[in-house]
Amino acid sequence: MRIDKNKIQRSGEFETTIDLLYLLHNQIEQEKRGKSANGFSPSFISRSTCERAWFWHYIRKEREEFVWPKLARVFSLGHAIHDRIQKLLILSGVSSDDKIEVRLESEEWGIRGYVDGIIIDRDNSLVLEIKSINDKGFIKVEKDGPKRDHVIQANLYMWLLDLDKAVIYYENKNDSRHIAYTCQRDDGIIVWLKSMIKKVRTYHALNLVPSIAYNQYDFECKYCPWQASCQNIGGDKKKGADQNKMTKVKQSGRISITSP
Ligand code: SF4
């Protein structure tokens, strides 16, 4: 039997529909984020060391980045990998419904988020952090061990859940190879996280935006969702916020520039 290729056409219309749906979804998520109360999410504070970025994240300043539908599709591929692993762990009894996507909320530290899972290894409970990663990242992780921000995130969960060990599991999005690392709790990281939270809340109480940690060409700024605002208000990365004293925050969370 032959397939008549004349009966097949590429549907750009459907591709556009999917892209528009991703854009709409992104917009809804952005609005939800904007309406939530001040606070820290584990995934963000683990990947940034910039006090100013932490501060804007804390006050839920609207993100200025545009998430292209292609990137949104890549993200949803990651979510699908998470779902598959989590279902497998429940089915096999290595974890259970109530230990997957566990809600974490610390009033004291202003942290709200979800941990991918808690798994049982003999009599011990371990934090599970699932990461999907592209081929280039996977090769690096195979060679150098888990990424720094993932170790910080795992420690944040160990701190909040009062556990001593975590598993960081990577799956390669290109070919499904995988690698897992165990990670012992590192109290030095927890001390650093606490000090950042305290600092950022102090800036907020003083109505000050912290100074920058990087120059705009540094790698950390490349993926920062508030690059444009940051460049507008400037700052000196060598000085602290109190020395700069150039940026005040209005009640609404919007920024205004006062005299340097
Ligand atoms: S652009 Fe760079 S310096 Fe500015 S807030 Fe973001 S990470 Fe910090």
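This is a predicted model: local features need pLDDT of at least 70, side-chain atom pairs count only at pLDDT 80 or more; totals for chains, interfaces and linings use all residues.
User: What makes the reach of H6 close to the expected one?

Analyst: H6 has 14 residues. The expected span is 1.5 Å times one less than that number. The reach from the first C-alpha of H6 to its last is 20 Å, against an expected 20 Å.

User: Why is H6 called mostly covered?

Analyst: A residue counts as buried if 20 or more other C-beta atoms lie within 10 Å of its own. In H6, ten of the 14 residues are buried by that test, so the helix is called mostly covered. Among them are His150, Ile152, Leu156, Tyr157 and Trp159.

User: How do you know what H6 packs on?

Analyst: Contact requires C-beta atoms within 7 Å. H6 (residues 148–161) touches E1, E2, E3, E4 and E5, so it is said to pack on the sheet. The direction of H6 makes about 150° with that of E3. Just after H6, aspartate 162 takes a positive phi of about 55°.

User: What makes strand E1 and strand E5 edge strands?

Analyst: The sheet is open, with five strands in the order E1-E2-E3-E4-E5. E1 (100–106) and E5 (178–184) each pair on one side only. From one strand to the next, the twist averages 40°.

User: Why do E3 and E4 count as a pair, and in which sense do they run?

Analyst: Pairing needs at least two bridges. E3 (residues 124–133) and E4 (residues 165–172) have seven, so they count as paired. Their sense is parallel. Isoleucine 130 has tyrosine 169 in E4 as its bridge partner.

User: How do you know that E1 and E2 pair, and in what sense do they run?

Analyst: The threshold is at least two bridges. Six bridges join E1 to E2, so the pair qualifies. These strands run antiparallel. One of the bridge partners in E2 is glycine 113, which faces leucine 104 in the pairing. The hairpin of E1 and E2 has four residues between the strands, and glycine 110 there takes a positive phi near 65°.

Definitions and conventions. Residues are numbered from 1 along each chain as its sequence is written. Helices (H or I, at least four residues) and strands (E, at least two) are DSSP runs, numbered from the N terminus. Axes are lines fitted to C-alpha atoms, for helices over the stretch in contact, and angles run from 0 to 180 degrees between N-to-C directions. Two residues are in contact if their C-beta atoms, placed from the backbone, lie within 7 Å. A residue is buried if 20 or more other C-beta atoms lie within 10 Å of its own, exposed if 12 or fewer, and partly exposed in between; C-beta atoms are placed from the backbone.
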